[in-house]
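This note sets out some points for a colleague who is meeting the structure for the first time. Please read the points beside the sequence and the model.

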Amino acid sequence: MAMQVLVNLILAFVWAFLNNDLTPVTFAVGYVLGFVLLFLLRRFLPAPFYGRRIVALVVLIGIFLKELILSNIDVIKHVAKPQQAFTPGIVALPIHLRSPREITTLANLISLTPGTLSVDVSVDNSTLYIHVLDISAAEEVSDDIKNTFEKRIREVTR
Amino acid sequence: MIDLIVSGLIVVGVVFTFFGTVGLLRFPDIYTRMHAVTKSSTLGIMCILLGCMTYFMAEHGVVSVKLLLGIVFLFLTAPVGAHMISRAAYRTGVPLWEHSVQDDLADDGKRGPRLTE
């Protein structure tokens, strides 16, 4: 990934030097051309083309912003109710991500999605303990969300 | 038009922050309070900063990247802070609300003091 970005930057520099014009605009044009070139030559790259991961990252950020807005509406609903009608609890959630970076990302995303808050990670990094605001309704839904999040994170990091 | 966008963003941000604060007062225990405060303050402050950025862009022609950086830093730190506070609360024995129905963390026998690692 880092190698491909470096190659892309070098191609952009080469483009700017070929045009004898080292301004940001030429550089950006060169970067785009290098990106296209790398895409065309992707079967000769040792690692998968890095554009795929950037697309996955943008998709992840989009999903995350949607979930953040939904969770805020959820909080407002709970706050505005005259009686507190939720049944909270701490649920163990088995996770299949292994590297610390992925687990941190997942925990942060969980903390900002509707009705869930990450409380602790088990010592062997295999379980995430999340505090769920409404167990009866949220368990299957949050499981689904976690599965999509885990899949998306894996698409970004691998 | 720009006025509408700016004031809309700021009003929405203030409303989210307000409801988060009301949640802080109304919710029964520390974990549910963390729910309300983290989410609403993150999105609320994000909306307010975006409103500021739009205002300065439209009125003064200044693109303030510092405000964008503020949003990014908030996104990185707010959930970590919530995680640390609720974890510290759990480890020091702050009880859950009495109507809580499930506590899987109590069954995790392998939890040791991780500070000594």
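1. The largest share of the nonpolar patch, 8 residues, is supplied by α1(A). Helices here are DSSP runs of H or I with at least four residues, strands are runs of E with at least two, and both are numbered from the N terminus.

2. The model is a predicted one, in which local features need pLDDT of at least 70, side-chain atom pairs count only at pLDDT 80 or more, and totals for chains, interfaces and linings use all residues. Residues are numbered from 1 along each chain as its sequence is written, chains are lettered from A and ligands numbered from 1 in the order in which they are written, and side-chain values use heavy atoms, with hydrogens and water left out.

3. The nonpolar surface patch covers about 980 Å², and among its residues are A:M3, A:W15, A:V25 and A:L33. The elements that each give two or more residues to this patch are α1 (2-18) and α2 (24-40) of chain A. A patch takes residues with over 30% relative accessible area and no salt bridge, joining nonpolar side chains (Val, Leu, Ile, Met, Phe, Trp, Tyr) within 5 Å and like charges within 9 Å. Accessible areas come from the Shrake-Rupley method with a 1.4 Å probe, and for residues only the protein chains shown count as cover.

4. A:L33 is placed in helix α2 of chain A. Its relative accessibility is 40%, so A:L33 counts as partly exposed; buried means under 20%, exposed over 50%, and partly exposed in between (1.4 Å probe, protein chains only).

5. Over all chains, the whole structure holds 3 salt bridges, each being a side-chain nitrogen of Lys or Arg within 4 Å of a carboxyl oxygen of Asp or Glu. In one of them, the closest N and O atoms of B:R87 and A:D120 are 3.5 Å apart. Because B:R87 lies in helix α3 (residues 65-91) of chain B and A:D120 in strand β2 (residues 116-121) of chain A, this pair joins two chains.

6. A:D120 is buried, at 2% relative accessibility. A:D120 also forms a salt bridge with B:R91, with the closest N and O atoms 3.1 Å apart. This pair too crosses between chains, from strand β2 of chain A to helix α3 of chain B. B:R91 is partly exposed, at 33%.

7. Within chain A, A:E150 and A:R154 form a salt bridge at 3.4 Å. They are 4 residues apart in helix α5 (residues 135-157), and are therefore separated by about one helical turn. A:E150 is buried at 3%, whereas A:R154 is partly exposed at 29%. Shared partners join A:D120, B:R87 and B:R91 into one salt-bridge network.
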